[in-house]
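Please read what follows with the coordinates open beside the text. The paragraphs move from single helices to a helix pair and then to the backbone of the loops.

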Amino acid sequence: MTIGEPGWVLHAGAVLDGDRFHDRPLHFGTGRVVDTPVAPAAARAFDAAGLLIVPGMVDVHGDAFERNIAPRPGVTFDLGAALIETDRQLVANGITTAYLAVTVSWEPGLRSLATAVELMHALERVRPSLIVDLRVQIRWEITATEAVDSVCRWLSTQPTPTLAFNDHFTTLLGNPREVAKLPLYAARSGLSPGAYRAQLKRVISQGDAIDRAVKRIANVARTRGVPMFAHDETSIDMRRHYRALGVAVCEFPLTVDTAREARAHGEAVVLGAPNVVRGGSHTGAVHAGGAIADGLCTVLSTDYHYPALFGAAATLAGNDLARLAEAWALVSRNAAVAVGLSDRGTLALGQRADAIALNWTAHGPSINAVFVRGRPVFLSEPERVQRTL
């Protein structure tokens, strides 16, 4: 059976329609949500009795795939194999669309321009073997001015990537907490701490060259309709600066005021799902749970831990299905809107048939089944599949 083959119905489950659940069948045909199966006599069925049916999750930013490439400093594995493993992890966690946060930095090693080039090639090579819609967030460190030409070329690739402006380095040496991490960063890059510090000093001293590079890449992205994110914005002024460049998504703002500035202008604010699950930011930044309660966070991402996306929705919902519907928007509908994907994130007619069947019991929530473009790709209870209606 191929992806998108017509003739599936999920029956006897409660389907998330907008902001509430309704008991009704859900029909898939040719990879889309349809009124009735294209070929009813040949339709196969999934018994969703006792289950909740929700849209597949959309992850707008995740770098957990890096651990499949380099599980330890200096230990690397084949990029193609790492991407296939990542794909399977995403499936099991109910993530049906995912953006790999591919960091393009001045550092050698895992986050280097050279590795990014290899990763882009590997992704195209293994794409026919992938199950989820795996895309790329080009996470460009603004001090990596030598990568500008490559980034501009990648902005034309298909499927359309997203672009994130990162600045993890220009003020690093003035932050004692970050300076203490230099040995870890050096180990990641394969440099000695001394060599790493020397190279860091070189790249942050580029001055106007960084500003010119940022403006050039932003112009190209705007021209090509690439959604743009600004990562780790530290202030209202920084949010205004990137807004002027056309950057409409505020990703991991470091202050509540920055998030409030973004929301005041109707912009998406992305925070990490691990922040919700763990009850706070591991870096001491904005508390995601509080931001969500205050209307200052519209999208959650996996950040560095794929299981956290489902875990965050479950944490926010508790045993309240109305709260689950609200929380699910953070990981599906709102996420799809933030990256410009109008064909997914809900289970409305004509949408991609990406869906998850959830067990929501007193023993705790779990993922029972995952459908990608109308095809079951993960089943914890295969006996629920029936040959015909």
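Predicted model: local features only at pLDDT ≥ 70, side-chain atom pairs only at ≥ 80, totals over all residues.

Residues are numbered from 1 along each chain as its sequence is written, and side-chain values use heavy atoms, with hydrogens and water left out. Helices (H or I, at least four residues) and strands (E, at least two) are DSSP runs, numbered from the N terminus.

We start with helix α8, which covers residues 208–223. Its 16 residues should span 22 Å at 1.5 Å a residue, and the end C-alpha atoms lie 23 Å apart, which agrees; the expected span is 1.5 Å times one less than the number of residues. Within α8, the residues I210, A213, V214, I217, A218, V220 and A221 are buried, where buried means under 20% relative accessible area, exposed over 50%, and partly exposed in between, with a 1.4 Å probe and protein chains only. Seen down the axis of α8, these buried residues fall within an arc of 160°, so they line one face of the helix; the arc is that of the directions from the helix axis to the C-beta atoms. On the other side of α8, D208, R212 and T223 are exposed. The partners against which the buried residues of α8 pack are β10 (133–141), α4, β11, α7 (193–203), β12 (228–231) and α9.

After α8 comes G225, whose phi is positive, near 70°, and the loop between α8 and β12 also holds V226. With 5% relative accessibility, V226 counts as buried. Leaving aside neighbours within four places in sequence, V226 is in contact (heavy atoms within 4.5 Å) with L155, T160, P161, T162, L163 and A221. V226 and G340 are 114 residues apart in sequence, yet their C-alpha atoms are 8.5 Å apart in space.

Helix α13 (residues 308–317) has 8 of its 10 residues buried, so it is largely enclosed by the rest of the structure. The buried residues of α13 are A308, L309, F310, A312, A313, A314, L316 and A317, and just after this helix G318 takes a positive phi of about 60°.

Two packed helices are described by the angle between their axes and the distance between the axes. The axes of α9 (residues 236–244) and α10 (residues 256–264) come within 8 Å and cross at roughly 35°, the axes being lines fitted to C-alpha atoms over the stretch in contact, with angles from 0 to 180 degrees between N-to-C directions. In this pair, I236, R239, R240 and R243 of α9 meet D257, T258, E261 and A262 of α10.

Most residues other than glycine have a negative phi, and most peptide bonds are trans. Against that background, a cis peptide bond joins Q158 and P159, with omega about -5°, and P159 is found in the loop between α4 (148–154) and β11 (162–166). A12, in the loop between β1 (8–11) and β2 (14–17), has a positive phi near 70°. R373, in the loop between β17 (364–372) and β18 (375–379), likewise has a positive phi, near 50°, and at 35% relative accessibility R373 counts as partly exposed.
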